[in-house]
Amino acid sequence: MKFPAPLIPAKLVKRYKRFLADVVLPDGSTITAHVANPGAMIGLAEPGSRVWLSKSDSKTRKLPHSWELIEVDFGGGTELVGVNTAHPNPLVGAALAAGAIPELTGYSNIRREVKYGRNSRVDFLLEAPDRPPCYVEIKNVHLMRRTGLAEFPDAKTERGAKHLEELGDMVEAGHRAVMLYLIQIGSAQRFALARDIDPKYGAAFDRAKSRGVEAIAHKCRIECGGIEINAPVPIDG
């Protein structure tokens, strides 16, 4: 996924009301940018951090700038981390079309946002004549509290636990179900659940796995020019 225009560097003043951030542009002006991230963003909202913004040409947007990346040092040196949670689905969609996720190849039809479960929509439904349909949910990962270890979630998520339950229902109905954790941290070497942050999600994950739901994790290569899915990451526990 390439950014359509060069990103704009800025300095973070503060993030607030979850979806807003004040930043200082190179010319010294302060603006408010949209933050497409409902999570806690632990370790990713330190005032004074260098951030990167995209700018929309839409005349109807109240806030034309969006916060895309932040420079962070998790212990292995400064790197770029993606904070925009709107990107994982398009990234995975492109990777599925290119056959770049080995665990999810061999399907001839890819559908997005298909209704299933209890008033939910699965991120991707993969289909082929010779195998059961595969339901795929995507979760964005941008939490790292120990060098090399990416974690999810960074805040309590009842919705996430509900998705795990519904994926389990699909397995019991004779389908395949996969939870894909997409890590927007290039230095990630492992993935684990942040069970201390949301024990209920951890319990839901364990139940889902016992019912046959598969869990996989892939990390991204993050650059100012764009983001791409890079490599699989082992899951602890």
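Arg 146 stands opposite Leu 149 in β11, and 3 bridges join β10 to this strand β11 (residues 149–152), the two running antiparallel. The model is a predicted one, in which local features need pLDDT of at least 70 and side-chain atom pairs count only at pLDDT 80 or more, while totals for chains, interfaces and linings use all residues. Residues are numbered from 1 along each chain as its sequence is written, and side-chain values use heavy atoms, with hydrogens and water left out.

Strands here are DSSP runs of E with at least two residues, helices are runs of H or I with at least four, both numbered from the N terminus, and two strands pair if DSSP finds at least two bridges between them.

Phe 191 touches, among others beyond four places away in sequence, Leu 149, Phe 152 and Tyr 181, where contact means heavy atoms within 4.5 Å.

Ser 66, whose place is in strand β5 (residues 65–73), is buried, with a relative accessible area of 8%, because buried means under 20% relative accessible area, whereas exposed means over 50% and partly exposed lies in between (1.4 Å probe, protein chains only). Leaving aside neighbours within four places in sequence, Ser 66 is in contact with His 34, Trp 52, Leu 53, Ser 54 and Arg 61.
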